[in-house]
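Reader: I'm new to reading protein structures. Could you walk me through this one?

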Amino acid sequence: MKAILHVLGFVLLVQLTGCASSLSPAGSGAIGAGLVKHRGYPMVVRINPGSVAEQSGQILLGDLILAAAPTPESQWVILKGYGLNQAIHVIRGEPYTRVKLKLMNNQDSQEREVVLIRGPEGRASELTYLEGQKGLDTQGETAAPVNIADLVISDNSGPYLSPYTSDGVTAEWVNKAINTKMGEATGSAVGAAAGAYAGRKLMENVPGGGFFGSFLGGMAGSKSGKAVGRDAAIKASGGWEYIRATSDQSFHSVGDMARWLVNTHGGSANFKDVIDAASHVYPDLQPALARQR
């Protein structure tokens, strides 16, 4: 019976992945993300609703937190080999203070840096809103107005590649994705079914485990399926090398990209199709766009 209770307590995650887990609620001055230990680093496996991590739009499921700077001006603390409690201690701080994180997602293996404003128990508010290096400061005062044209990087060096080129037309990788009619629903469904089957097989020898294995395996498989869907979308767009090669504009953050897209191309006839295609490659784009409306 203890094995089943451990499953319900998500200890199954440790057994399946070989990772240590920390899914306890965020404490004071946190970012609101659930972490496990993976490949020696903290990895994001949950983004709490209404959290700083969700508000920023820059934290993705599967992100490895390679390093953290307790303040943007302080030295990096490399988190490889740290226990989860030690890593969390570095990331947390006083509410409404800034923390800088160095991240790498398993999907593209590209390092990126983000700055967040910690919230009380990880909760977001207008005082934690920070658009890259812009937005509201820790005192809640409005920063200088942002020139939309200044949000875009005039090459493909940024972590978020523009679905439109500098001459205002749709990037070739987006056209390729639109033409293949890619969507992630199939990937999610396939992943859920596969996860449920794997869960049942794992729990066959545990009394009462068949039900729990199917249920939890289905949940995990659905999340894995979404990742599979993103991989499929990237392949349908030509792969990362093609996406980067056919992009001549990029952005430091998904928030910058969303703001630029709405203000620059929001009235385009094909805007919805372009956003649908780009959102399969960048799943955090849709929430960022919603905050612009």
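Author: Happy to; the questions and answers below go through a predicted model.

Reader: How many bridges join strand β2 to strand β3?

Author: Look at residues 33-38, which make up β2, and residues 41-47, which make up β3.

Reader: Is G81 buried or exposed?

Author: Start with its place in the chain: G81 is found in the loop between β5 (77-78) and α4 (84-91). Exposed means over 50% relative accessible area. G81 has 52% relative accessibility, so G81 counts as exposed.

Reader: What kind of aromatic pair do Y160 and Y282 form?

Author: The structure holds three aromatic pairs. In the pair of Y160 and Y282, the ring centres are 5.2 Å apart and the planes are at 45°. Planes under 30 degrees apart count as stacked and over 60 as edge-to-face, with the rest as tilted. The angle of 45° therefore makes this pair tilted.

Reader: How many residues apart are Y160 and Y282?

Author: Y160 is in strand β11 (residues 160-161), while Y282 is in the loop between α10 (271-281) and α11 (285-290). Both residues are buried, and together with W240 they form one aromatic cluster. The pair links distant parts of the chain, and the separation is 122 residues.

Reader: At what angle are the ring planes of F251 and W260?

Author: Both F251 and W260 are buried. Their ring centres are 5.3 Å apart, and the pair is tilted because the planes are at 50°.

Reader: How many of the eleven residues of α10 are buried?

Author: The buried residues include F271, V274 and I275, and also H280 and V281. Helix α10 is largely enclosed by the rest of the structure, because the number of buried residues among its eleven is eight.

Terms used. Residues numbered from 1 in each chain as written. Predicted model: local features only at pLDDT ≥ 70, side-chain atom pairs only at ≥ 80, totals over all residues. Heavy atoms only, no water. Pairing = 2+ DSSP bridges. Helix = DSSP H or I, 4+ residues; strand = E, 2+ residues; numbered from the N terminus. Buried < 20%, exposed > 50% of the residue type's maximum accessible area, 1.4 Å probe, protein only. Phe/Tyr/Trp six-rings, centres within 6.5 Å; stacked < 30°, edge-to-face > 60°.
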